[in-house]
Amino acid sequence: MPVPVVLAGRTVRLEPLAMRHAEGIAWAGALDRAAYAYTSVPHGLDASCDYIARALAEQAAGRVLPFALVNPLNGRVLGATRFLELDYWRGPLVWPPVTGVPDGDPLTAVPDAVEIGNTWISSEARGTGVNTEAKYLMLRHAFETWGVRRVSMRADARNARSCVAIERLGATCEGVRRAHSRGLDGVVRDTAFYSVLDEEWSAVRGMIELRMAGVRPPSVLPSAYPGETREHGGAGELLPA
């Protein structure tokens, strides 16, 4: 699995998720529960401890790299996110391919493709640019430290605000997979899939940096919905997917 790392920004610090974050996770998850219609957010201290324990078990198995989103000024937990779907393409070519297994020492593995997901933020941090900067820090680490070929993201297609926010990052919509999975509300959901490739990162990075600086970069990006486009501007906030 990739080595855990702290990713520090101006408005948020991403710390490797640990049991010491449990009380903060419980506090952040208790604010404005109505906003978490499309993602699973722990409610209460016991649920938060279980949430962290399961994330750490998945990390030990090499499947995820989870983070707590922390306010760098006061240390308050603002939410959580993670790298997942880590894929490795280096080493001998075998068939059929074995996914998720690195070649060489797994403790120093560097993925070739990853997904960013399971992100949620407290109501205190919404509209502040925290989530946008968190995604920027993760994308920058994936492309510039790991050297990945692709970073993926996804959202419940019903969550139009989340789809627009991902598009504002400069990610390309790959399409909507119909009846893809069961949503948190029990409804079988369509899922919109997005990606950023390594050759696109320079342009995407510039777009995000302009947004974080409060400048509106001109762009018309493809929507998650076929045949529809949206003109984007402003410092958009990423919502839970």
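Okay, let's start with helix α3: 14 of its 17 residues are buried, so α3 is largely enclosed by the rest of the structure. Buried here means under 20% relative accessible area, exposed is over 50%, and partly exposed is in between, with a 1.4 Å probe and protein chains only. Helices (H or I, at least four residues) and strands (E, at least two) are DSSP runs, numbered from the N terminus.

Before I go on, a caveat: this is a predicted model, where local features need pLDDT of at least 70 and side-chain atom pairs count only at pLDDT 80 or more, while totals for chains, interfaces and linings use all residues. Residues are numbered from 1 along each chain as its sequence is written, and side-chain values use heavy atoms, with hydrogens and water left out.

Back to α3. How far apart are its end C-alpha atoms? They are 23 Å apart, which agrees with the 24 Å that 17 residues should span at 1.5 Å a residue; the expected span is 1.5 Å times one less than the number of residues. Just after α3, G147 takes a positive phi of about 75°.

Now the whole chain. The protein chain has five helices and ten strands, and 48% of its 241 residues count as buried. Contact means heavy atoms within 4.5 Å. Of the contacts with a separation of 6 or more, 67% come from residues 24 or more positions apart.

On to the aromatics. Rings of Phe, Tyr and Trp (its six-membered ring) pair if their centres lie within 6.5 Å; planes under 30 degrees apart are stacked, over 60 edge-to-face, and the rest tilted. By that rule we get four aromatic pairs. One of them is F67 with F83, edge-to-face, at 5.9 Å centre to centre and 75° between the planes. F67 sits in strand β3 (residues 64-70) and F83 in strand β4 (residues 77-87), so this pair ties together parts that are 16 residues apart in sequence.

Which residues of α5 are buried? They are W201, V204, M207, I208 and R211. Those residues cover an arc of only 125° around the axis, so they are on the same side of α5; the arc is that of the directions from the helix axis to the C-beta atoms. As a reminder, an α-helix has 3.6 residues a turn, so residues three or four places apart point the same way. On the other side of α5, S202 and A203 are exposed. Just after α5, G214 has a positive phi of about 85°.

Last stop, A171, in the loop between α4 (160-168) and β7 (172-182). A171 counts as buried, at 1% relative accessibility. Leaving aside neighbours within four places in sequence, A171 is in contact with M153, I166, Y194, S195 and V196. The C-alpha atoms of A171 and M153 are separated by 8.3 Å, and the two residues are 18 apart along the chain.
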